[in-house]
Amino acid sequence: MRSYRGQVAIVGVGETPVGKVPGRSALWFNAEATRLALADAGIDKSQVDGLVTAPSFVAPFARMSVAVSEYLGIQPTFSNTLNVSGATAAASVSVAAAAIHAGLADTVVVCCGDNMLSGLTRDLAVKALVESRDPQYEAPFGLLVATTFALTAQRHMAEYGTTPEQLARVAVITREHALRKPGAQMTAPITVADVLASKLVTTPYHMLDCALVSDGGAALVLTTAERARDYRRAPVYLLGGGESYTQEHIFCAESITTTGAAVSSRRAYAMAGVDPGAIDVAGIYDCFTGTVIMMLEDLGFCKKGEGGPFVETGAITYGGRIPINTHGGMLSYAHPGLPGGFFHIVEMVRQLRGEAAERQVAGAELALCHSLGGGFATNATIVLGTEATL
Amino acid sequence: MTARPLPPIDDDTRAYWAGLARGELLLQHCRDCGHVQVYQRALCGRCLGARVEHRPASGRGRVYSFSTVHRAPSAEFKEDVPYTVVLVELVEGPRMISTLVDAPPETVRIGQAVEIVYDRVSPEITLPRFRRAGASMTS
Ligand SMILES: [Zn+2]
């Protein structure tokens, strides 16, 4: 099997302030995160010959990767503005790794930034509604973006007995994690009762079952494994990647409780040559609480249908089988739209470098990141490892 | 009351919306492989054959999943909340998105039998909604 396993490493990460950050543009969030990632890597911008980013929801640049390059004063020879909705984060890293491995570029910045919270006007909110739903077969029926995901959770509850309390536990645990992460948007502890008492949005989801709306940006610097050895930080290697695109419309999905994540993760594990049981820590796209429960199953951390009890027994926090979203995820750290999934990757890099301070999962060598979007239309998984895992 | 988003009809879907306007839910059947599909396309989504034809559906199905919307996605839907979005599995096989009428949210369950209700919202557009099968018309 052709593979980029061990050929490419992440050598720098950067994050802007997140939450409510008024007055800053989507370009700024991209550029500032990139500036910080280059400083972290200890390299000059002149060494960057590739840039991958996602379109901004707020800013009007169709060629966002080109606009960000210009803002930064660089002229890369590889550029990609990539959008597979929420799956963009892991997919962007995989595309950058493939480009490096294939010789299209040597050092690629993968960044993403947006000002969803400060920049969201009423017109943009309507645009979000229109663009995210089929205008003939879905939009006339008044679906929220969350409603598509809610349909999957409702069915999961009926098929497997997953409870509202189990969904709520995901939010509670994620909030506990965010309390250890400086700069997190949410800073007050919550209980299961708080989640269940928060306003219903689209059943079974309450307000606290849903991801935040934020401003923020994140960036990663990727280069060849050969070059990575000369960098100041311990390289974090790309061991495997996989993607899956199963449908556009939720009504065309073969199953709404088993998703393309089962396929994308199987491909990523196969390339990495590891089993789910070997993963020490994971960043799982947590747009909704039920999403996490379904992903724990599809990613192979527990059996299908057992995600609820798995969460309830503390398996996804410190001391459990697989601590996830140690930065607080999109439920409690930040969710500026497409950048939301990138913070999980930054956090997993920090875990594998042993730099996660009081959030550190002791001895973490192997990490998984999974991003998804469009009501499970898109799924992308990457497996990362330290030098010891090569 | 503000106008809700109306479907923009195109060549693929003209016959579908015309069917709904006269009280027929049309499904595309492939004459080559027998596949039945939602949504309307110029080709069969299974075999890519162009010999797809519309046939009236029974209008009956079951609730495959549902979600009751409490926070309107936009001002146009504010006066309707709470309303229940359903993923209906038609007896012909395909699934479609709709909303339930005459169904208090707390009574909705996965697996319930439903039947189509034709909701005329403009001269061109009749939306396919669903109600509990056997329920009497109350509006
Ligand atoms: Zn066919």
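Contact, on this tour, means heavy atoms within 4.5 Å. Helices (H or I, at least four residues) and strands (E, at least two) are DSSP runs, numbered from the N terminus. Before you click anything: this is a predicted model, where local features need pLDDT of at least 70, side-chain atom pairs count only at pLDDT 80 or more, and totals for chains, interfaces and linings use all residues. Residues are numbered from 1 along each chain as its sequence is written, chains are lettered from A and ligands numbered from 1 in the order in which they are written, and side-chain values use heavy atoms, with hydrogens and water left out.

**Stop 1: the sheet in chain A**

Show chain A as a cartoon and look for an open sheet of nine strands, ordered β3-β2-β4-β7-β1-β8-β11-β10-β9, with mixed pairing. Two strands pair if DSSP finds at least two bridges between them. At the edges sit β3 (78–81) and β9 (281–284) of chain A, each pairing on one side only. On average, neighbouring strands here are turned by 25 degrees against each other, direction ignored. Axes are lines fitted to C-alpha atoms (for helices, over the stretch in contact), and angles run from 0 to 180 degrees between N-to-C directions.

Next, select helix α2 (64–72) of chain A, which packs on the sheet and touches β2 (50–53), β3 and β4 of chain A. Its direction makes about 125 degrees with that of β2(A). Then pick helix α3 (88–101) of chain A: it lies across β1, β2, β3, β4, β7, β8, β10 and β11 of chain A, at about 25 degrees to β7(A).

**Stop 2: strand pairs**

Zoom in on β4 (107–115) and β7 (215–224) of chain A, an antiparallel pair with nine bridges. Click A:Cys112 and you'll find its bridge partner A:Ala218 in β7(A).

Now move to β8(A), where eight of the ten residues are buried; buried means under 20% relative accessible area, exposed over 50%, partly exposed in between (1.4 Å probe, protein chains only). β8(A) pairs with β1(A) in the antiparallel sense over two bridges, and A:Ala9 stands opposite A:Tyr237. Eight bridges join β8(A) to β11(A), again antiparallel, with A:Leu238 opposite A:Leu384.

**Stop 3: a covered helix**

Select α6 (164–178) of chain A. Its end C-alpha atoms are 22 Å apart, which agrees with the 21 Å that 15 residues should span at 1.5 Å a residue; the expected span is 1.5 Å times one less than the number of residues. Eleven of those 15 residues are buried, including A:Leu167, A:Val170 and A:Ile173. The buried residues pack against α5, α7, β6, α10, α11 and α12 of chain A.

**Stop 4: the zinc ion in chain B**

Which residues coordinate the zinc ion? Select B:Cys30, B:Cys33, B:Cys44 and B:Cys47, whose SG atoms sit at 2.3 to 2.4 Å. Donors are N, O and S atoms within 2.8 Å of the metal (3.2 Å for Na, K and Ca); water is not among the atoms, so sites may look incomplete. The four donor atoms subtend angles of 103 to 118 degrees, so the arrangement is tetrahedral (four donors, all angles between 85 and 135 degrees). B:Cys30 lies in strand β1 of chain B and B:Cys44 in the loop between β2 and β3 of chain B, so the pair ties together parts that are 14 residues apart in sequence. B:Cys30 is buried at 4% relative accessible area, and B:Cys44 is buried too, at 1%.

**Last stop: B:Leu87**

Finish in strand β5 (83–90) of chain B, at B:Leu87. B:Leu87 is buried, with a relative accessible area of 0%. Leaving aside neighbours within four places in sequence, its contacts include A:Leu151, A:Phe251 and A:Ile256, as well as B:Tyr64 and B:Met96.

Note on methods:
Four donors count as tetrahedral if all angles lie between 85 and 135 degrees; four count as square planar and six as octahedral if opposite donors are over 155 degrees apart and all others between 65 and 115; anything else is irregular.
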